[in-house]
Amino acid sequence: MTGTEHDEYDCSRARLQLFEYLDGEMDQDDCTKIREHLAHCGPCLNEYDLDQMLKALVRRACGCEAAPTELRMQIMSRITTIDLTVEFRD
Ligand SMILES: [Zn+2]
């Protein structure tokens, strides 16, 4: 860890951590970072909405909180091929 970890919280990192964020598995610091990022990043916010929807779908599909990663991936690729035309709020 160097002293530069507070900046460069970029989109790829945010998206990687969205699931953890949704699952409430992140610590306070990371939650704050991701929330701040979502606040000013439209594309990531869309991704976040998508993930929330996905999580709800997964829960309904298998009736449990923790879906297998495989199932998540399947549903995820399903959703992303549906071509959601969501308007960015810019
Ligand atoms: Zn972003």
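Is Gln17 buried or exposed, and what is its relative accessible area? Gln17 is buried, with a relative accessible area of 14%. Here, buried means under 20% relative accessible area, exposed means over 50%, and partly exposed is in between, using a 1.4 Å probe and protein chains only.

This is a predicted model, in which local features need pLDDT of at least 70 and side-chain atom pairs count only at pLDDT 80 or more, while totals for chains, interfaces and linings use all residues. Residues are numbered from 1 along each chain as its sequence is written, and side-chain values use heavy atoms, with hydrogens and water left out.

**View 1. The whole chain.** Let us start with the overall layout. The chain has four helices and zero strands, giving the pattern α-α-α-α when read along the sequence. Helices (H or I, at least four residues) and strands (E, at least two) are DSSP runs, numbered from the N terminus. Of the 90 residues in the chain, 33% are buried. The chain exposes about 6,500 Å², and carbon and sulfur atoms supply 52% of that area. Accessible areas come from the Shrake-Rupley method with a 1.4 Å probe, and for residues only the protein chains shown count as cover. Among contacts between residues at least 6 apart in sequence, 57% join residues at least 24 apart. A contact means heavy atoms within 4.5 Å.

**View 2. Helix H1 and Gln17.** Now look along the helix that holds our opening residue. H1 has 12 residues and reaches 16 Å from its first C-alpha to its last, close to the 16 Å expected at 1.5 Å a residue. That expected span is 1.5 Å times one less than the number of residues in the helix. Ala14, Gln17, Leu18, Phe19, Tyr21 and Leu22 are buried in H1. An α-helix has 3.6 residues a turn, so residues three or four places apart point the same way. Leaving aside residues up to four places away in sequence, Gln17 touches Tyr9, Met26 and Ile34. Just after H1, you can find Gly24 with a positive phi of about 70°.

**View 3. The zinc site.** Four side chains meet the metal here. The protein donors of the zinc ion are Cys11 (SG), His37 (NE2), Cys41 (SG) and Cys44 (SG), lying 2.0 to 2.3 Å from it. Donors are N, O and S atoms within 2.8 Å of the metal (3.2 Å for Na, K and Ca); water is not among the atoms, so sites may look incomplete. Cys11 lies in helix H1 and His37 in helix H2 (residues 28-40), so this pair ties together parts that are 26 residues apart in sequence. Along the chain, the donors follow the spacing C-x25-H-x3-C-x2-C. The four donor atoms subtend angles of 101 to 115° around the zinc ion, which makes the arrangement tetrahedral. Four donors count as tetrahedral if all angles lie between 85 and 135 degrees. Cys11 counts as partly exposed at 30% relative accessibility, whereas His37 is buried at 6%.

**View 4. A pair of tyrosine rings.** The structure holds one aromatic pair. The rings of Tyr21 and Tyr48 have their centres 5.7 Å apart and their planes at 50°, so the pair is tilted. Rings of Phe, Tyr and Trp (its six-membered ring) pair if their centres lie within 6.5 Å; planes under 30 degrees apart count as stacked, over 60 as edge-to-face and the rest as tilted. The pair links distant parts of the chain, with Tyr21 in helix H1 (residues 11-22) and Tyr48 in helix H3 (residues 42-62), 27 residues apart. Both Tyr21 and Tyr48 are buried.

**View 5. Asp49 and Leu71.** Two partly exposed residues complete the set. Asp49 sits in helix H3, with a relative accessible area of 35%. Asp49 and Leu18 are 31 residues apart in sequence and 9.9 Å apart in space, C-alpha to C-alpha. Leu71 belongs to helix H4 (residues 69-81), and its relative accessible area is 22%.

Notes:
Four donors count as tetrahedral if all angles lie between 85 and 135 degrees; four count as square planar and six as octahedral if opposite donors are over 155 degrees apart and all others between 65 and 115; anything else is irregular.
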